Amino acid sequence: MVREYPEAFEAHEVGAAIAATRFGYGARPQELLQIGDQPREWLLGQMISDPIPEALKSLPDSKDLLSDMLAARQKGRSSMRVYRQEARKRALTEAATHLAVSLNSPTPFVERLVRFWTNHFTVSMVKPAVMPLVTAFEREAIRPNIFNSFYTMLHAVVSHPAMLIYLDNVNSLGPNSVAGRGRKNPLNDRLARQLLEHFTLGEGSGYTQLDVRALAHMLTGWTVGVNNPATRGEFAFRDSWHEGNFKEFLRRTIPSAGVLEGEAALDHLARSAATGKNLSHKMAQAFVVDDPDPGLASEIFAGFVVGGGRADGMARGLVEASEAWAPEQRKVKSPTDLVLSVLRSLDVRSRSGRRVLNAVRFLGQPPYQA
């Protein structure tokens with residue numbers, strides 16, 4: 001029996017629709033009835049689930065993917081060409097699988113959080129050396145940590161091979177290090193700059209170019225293992241590449257301590273109020289409105305503080321924020337969100353995700369490209 005479209009909705013119906021649409025990818029048939037008059041509880045209940053679905057657990061890890069790349073490189077250019085063709089096919093297949101997981105998931109809020117953090121810590125398939133690692137980056141650095149401390153996620157992101165390669169830290173040498181002496185411009189500050197400008201404090205938060213350079217010095221030696229079998233394809237710290245001596249960073253003196261310097265800097269950045277405010281503003285933009293009211297970001301930030309600097313504290317702050325439940329729709333869906341919403345409304349499910357991927361690409365949003 002067809003139900004006439006009502007002139008007005010009951011309050012609980014509005015709340016259920018907002019929960020399904022603003023915090024997820026839209027409702028499946030009968031899902032609004034399941035959400036009922038407890039939309040916040042429906043969302044918060046998803047945060048106890050395993051953020052790594054079974055469909056993703058059998059995919060190869062970044063260590064194996066990098067080992068394959070290094071082996072192909074050692075064999076020469078022809079082997080590398082074949083490897084890149086195969087790697088691109090595999091990367092698109094994995095991207096489709098990730099889309100299928102988002103479409104099929106009974107915990108769409110979890111999937112939206114994963115996409116938010118993956119977008120925040122962008123690595124891109126556009127760079128050939130990063131292409132095979134992008135979906136593994138999401139599985140290894142993002143998904144396990146969306147309900148963890150922000151420091152834990154930040155450390156996992158910065159030390160992941162995909163990020164170290166994408167932002168060129170793998171070959172960054174201290175100018176006065178054993179390996180860097182006598183070389184012209186051995187230091188690369190791209191990772192340090194991105195950390196301060198986007199990942200943590202944000203533009204206009206008071207850091208200077210000297211802070212960028214100091215952080216870049218602290219991150220020298222953070223690279224990916226190549227020759228050592230124990231660290232091949234994984235994060236490795238090379239002391240001979242590291243810039244020794246003390247550093248002045250954000251009005252603090254950091255003593256020479258090798259890899260601990262970078263970890264101390266990440267810990268300081270993760271605990272900063274400026275970082276919490278920057279992240280809260282970005283989360284409000286991603287879920288609610290492009291130009292959020294300061295009060296909305298403040299409620300998300302309060303969740304970050306009460307949660308002890310945890311990513312799930314921010315998510316709880318978002319769910320509890322009163323403005324997040326305003327009935328007005330103030331965001332336009334991205335192609336990915338639109339495709340997933342339409343398919344969920346039709347109760348479509350997908351095993352491989354290939355048709356989902358094709359639809360998203362047709363609408364102009366290739367997967368995992370900055």
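**Close-up views of salt bridges, loops and a helix pair**

**View 1. R271 and D267 both lie in helix α13 (residues 259–271), four residues apart, which is about one turn of the helix.** Helices (H or I, at least four residues) and strands (E, at least two) are DSSP runs, numbered from the N terminus. The model is predicted, so that local features need pLDDT of at least 70 and side-chain atom pairs count only at pLDDT 80 or more, whereas totals for chains, interfaces and linings use all residues. Residues are numbered from 1 along each chain as its sequence is written, and side-chain values use heavy atoms, with hydrogens and water left out. The side chains of R271 and D267 form a salt bridge, 3.0 Å from N to O; the term denotes a side-chain nitrogen of Lys or Arg within 4 Å of a carboxyl oxygen of Asp or Glu. R271 is exposed, at 66% relative accessibility, and D267 is partly exposed, at 26%. Here buried means under 20% relative accessible area, exposed over 50%, and partly exposed in between (1.4 Å probe, protein chains only).

**View 2. D189 and R193 are joined by a salt bridge.** Their closest N and O atoms are 3.1 Å apart. D189 is partly exposed, with a relative accessibility of 22%, and R193 is also partly exposed, at 31%. Side chains of opposite charge can pair when their charged atoms come close. By the rule used here, 17 salt bridges are counted.

**View 3. E323 pairs with R330 in a salt bridge, and D290 approaches this region of the chain at R330.** The closest N and O atoms of E323 and R330 lie 3.3 Å apart. E323 counts as buried, at 19% relative accessibility, while R330 is partly exposed, at 35%. D290 belongs to the loop between α14 (273–287) and α15 (294–306). Although D290 and R330 are 40 residues apart along the chain, their C-alpha atoms are separated by 7.8 Å. Residues up to four places away in sequence aside, D290 touches Q285 and K331, where contact means heavy atoms within 4.5 Å. The side chains of D290 and K331 make a polar contact at 2.5 Å (a pair of N or O atoms within 3.5 Å; within protein, one must be able to donate a hydrogen and the other to accept it, and residues adjacent in sequence count only if both atoms are side-chain atoms).

View 4. D347 is found in the loop between α17 (335–345) and α18 (354–362), and is partly exposed, with a relative accessible area of 39%.

**View 5. L250 is another residue with a positive phi that is not a glycine.** The phi of L250 is about 50°. L250 sits in the loop between β3 (247–249) and β4 (252–254), and is buried, with a relative accessible area of 13%.

**View 6. Helix α5 (residues 62–75) packs against helix α6 (residues 77–104).** Their axes are 7 Å apart, at an angle of about 155°; axes are lines fitted to C-alpha atoms, for helices over the stretch in contact, and angles run from 0 to 180 degrees between N-to-C directions. The two helices, α5 and α6, are therefore roughly antiparallel (angles under 35 degrees count as roughly parallel, over 145 as roughly antiparallel, 65 to 115 as roughly perpendicular and the rest as oblique). From α5, the contact involves L65, D68, M69, A72, R73 and K75, and from α6, S79, M80, Y83 and R90.
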